[in-house]
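Q: Please take a close look at one part of this model, the place where the two chains meet, and describe how it is built.

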2 protein chains.
Amino acid sequence: MLIAFFNTVKRLYKGGIMKIQNIDKITNCRHLNLYEISYINQKGIEKSWHIASRADKPKCVTGQFDMPDAVVIVPFHKKKDKLVIIKEFRVPLGGYQYGFPAGLVDEGEKIQQTCIRELKEETGLNITRIKKISPPVYSSSGMTDESVSMVYVECDGKPSNKGNEDSEDITTIFISPPEASELCKDSKIKLDVKTWLVLSSFAESGRV
Amino acid sequence: MLIAFFNTVKRLYKGGIMKIQNIDKITNCRHLNLYEISYINQKGIEKSWHIASRADKPKCVTGQFDMPDAVVIVPFHKKKDKLVIIKEFRVPLGGYQYGFPAGLVDEGEKIQQTCIRELKEETGLNITRIKKISPPVYSSSGMTDESVSMVYVECDGKPSNKGNEDSEDITTIFISPPEASELCKDSKIKLDVKTWLVLSSFAESGRV
């Protein structure tokens, strides 16, 4: 209560709370666009901030924060007793990155359905149990409104590339805690930050 | 070895490996821009992919993957025996987000310097020990080349807003494992994905 009171005093003293004024779409691309947001800072001065968004209208316009743009799947292969990651060509990095299977949630699709579909398409593996689904959480809120749900699953089956699209170049890899430890220290490879965090914890505790 | 061989055969069968052809900058903004990358997919067909980048030339052009764009600081306050997070107004989300202190690495700055500067500016706290620095890892490689280093530190001092900029509206919060558990389940708040992952692990193990 006391902290909340002091924060209110601080904001009044500074001239007010931050406020979004206007949003302009400044590109017209299919999957990703740049927007200029004008806002009032705590001194009452109008400023602008550029963001990238996958949505036709960014979430700060629609207020639709309840569904994630994408799922990030953390698959544990019970029979192999290993975590599953993929090595995938990522066009934005111009090379291969190690990361978890992931994909955009299609229109009208439930999170569970996206996970079953994407894990099958990218690795050929089958989900046997969904253990935990995170709320939508934000990828990099300084530059985008993109959100993902982290989904922890158990899976079985053998890896296959049959479901890969023509722009997907994917190798499925099974990871033990010592192998996770090696990957996390390797500065020569490219690794997704979420994968680095889960693998670091898996390397230390042996659990996900 | 055998897997590598089969992957090579698979790629030859599909018509070749993925290859970047050309990159066009399609906006001219100060802090963030949109680029169109044309590439050859595995069927030999030219396709395009849009990415957002903070750099004047994206990393897939410069090949400069060795320095992160930003640091994400995981601060543990020894005297309070709690993790430190911030509640901050994020313009791209049009509201408050819970996350770790973070900031862009300035030109010529060392990662350690960025961490000391940013933690002080955003929270008023002082770093007493840097425990671990991750290699540059990628925020969301389907849409951007942005990379961050995760930096685990110990800190002391009292929270202060004196170092905040006019566009920073920040409250510093100390978190115990049970409080971390509550935050991670709360679908009404906005939480950064890296923070969600570290807090989930902290809630379970009591350690970072």
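A: The following account treats the contact between the chains, then the helices within that contact, and finally a sheet.

This is a predicted model, in which local features need pLDDT of at least 70 and side-chain atom pairs count only at pLDDT 80 or more, whereas totals for chains, interfaces and linings use all residues. Residues are numbered from 1 along each chain as its sequence is written, and chains are lettered from A and ligands numbered from 1 in the order in which they are written.

Chain A supplies 63 residues to the contact and chain B supplies 63 residues, two residues being in contact if their C-beta atoms, placed from the backbone, lie within 7 Å. On the side of chain A that touches chain B, helix 5 of chain A gives the largest share, with seven residues. Helices here are DSSP runs of H or I with at least four residues, and strands are runs of E with at least two, both numbered from the N terminus. By class, that side of chain A comprises 30 nonpolar, 21 polar and 12 charged residues; Ala, Val, Leu, Ile, Met, Phe, Trp, Tyr, Cys and Pro count as nonpolar, Asp, Glu, Lys and Arg as charged, and the others, Gly among them, as polar.

The same surface serves both copies, as 100% of the contact residues of chain A recur in chain B.

Helix 5 (residues 193-205) of chain A and helix 5 (residues 193-205) of chain B have axes that come within 9 Å and cross at roughly 15°; axes are lines fitted to C-alpha atoms, for helices over the stretch in contact, and angles run from 0 to 180 degrees between N-to-C directions. The two helices are therefore roughly parallel, a term for angles under 35 degrees. Among the residues that make this contact are Val193(A), Leu197(A) and Ser201(A) of helix 5 of chain A, and Val193(B), Leu197(B) and Ser201(B) of helix 5 of chain B. The helix contact has six nonpolar, four polar and two charged residues.

Chain A also holds an open sheet of three strands in the order 1-2-3, with antiparallel pairing; two strands pair if DSSP finds at least two bridges between them.

How values were computed. Angles under 35 degrees count as roughly parallel, over 145 as roughly antiparallel, 65 to 115 as roughly perpendicular and the rest as oblique.
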